[in-house]
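My entries follow the order in which I checked things.

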Amino acid sequence: MAYYKKIKLNGKWYPRSVTVGKPVTITEVAERISAGCTVSPADISAVLLALGGVLGDFMAEGRTVKLEGMGTLYYTSNAEGNGVDSAEEVSAEQINGIRVRFVPQTRLNQRNKVVSRALVRKDIDWVEWGGTTSKTEE
């Protein structure tokens, strides 16, 4: 089940998703995956721990990373406030921020309309959050 809270923006009320509890750990993910296959939680944990570094290496080479069933990751950069007057003056030194962008995998119908997104279940039960704090809001 997922949680939402009521927020007021510009005089109107809306639901906003709320995350609760501590973040899920690699150990918990490994145990859940292991329960559905023959790979040990220790082996899965080792792979997951190595995954971040490998993805970062590929993206540092200028490549996108597509993980089937999940989506695509790639770097984006910012150079705010560091504009120059000519194309010849543009350089990497102007970049002052790097982010990782994640785009969930989608499945399209025959009219190229999005039918589903990876990681977004259709059967989410939304319940109003009754607590007073959350770890992260989306």
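**Entry 1: strand β1.** I began with β1 (residues 2-9) and found three bridges to β8 (residues 126-128), with the two strands running parallel. I took strands as DSSP runs (E, at least two residues; helices are H or I, at least four), numbered from the N terminus. Two strands pair if DSSP finds at least two bridges between them. Tyrosine 4 has glutamate 128 in β8 as its bridge partner.

I then turned to β2 (residues 12-19). Seven bridges join β2 to β1, and these two run antiparallel. Valine 18 in β2 stands opposite tyrosine 3. The hairpin of β1 and β2 has two residues between the strands, and asparagine 10 there takes a positive phi near 50 degrees.

**Note on the source.** This is a predicted model, where local features need pLDDT of at least 70 and side-chain atom pairs count only at pLDDT 80 or more, while totals for chains, interfaces and linings use all residues. Residues are numbered from 1 along each chain as its sequence is written, and side-chain values use heavy atoms, with hydrogens and water left out.

Entry 2: I looked next at β3 (residues 65-67), which three bridges join to β4 in an antiparallel arrangement. Leucine 67 has glycine 71 in β4 as its bridge partner. The hairpin of β3 and β4 leaves three residues between them, and glycine 69 in the turn has a positive phi of about 85 degrees.

On to β5. I found eight bridges between β4 and β5, which run antiparallel. Threonine 72 stands opposite valine 103 in β5.

**Entry 3: two loop residues.** Is glutamine 94 buried or exposed? I located glutamine 94 in the loop between β4 (71-78) and β5 (97-104). Glutamine 94 counts as buried because its relative accessibility is 13%; buried means under 20% relative accessible area, exposed over 50%, and partly exposed in between (1.4 Å probe, protein chains only). Leaving aside neighbours within four places in sequence, glutamine 94 is in contact (heavy atoms within 4.5 Å) with Asn78, Ala79, Asn82, Gly83, Val84 and Glu89.

Isoleucine 124 lies in the loop between β7 (114-117) and β8. With a relative accessible area of 34%, isoleucine 124 is partly exposed.
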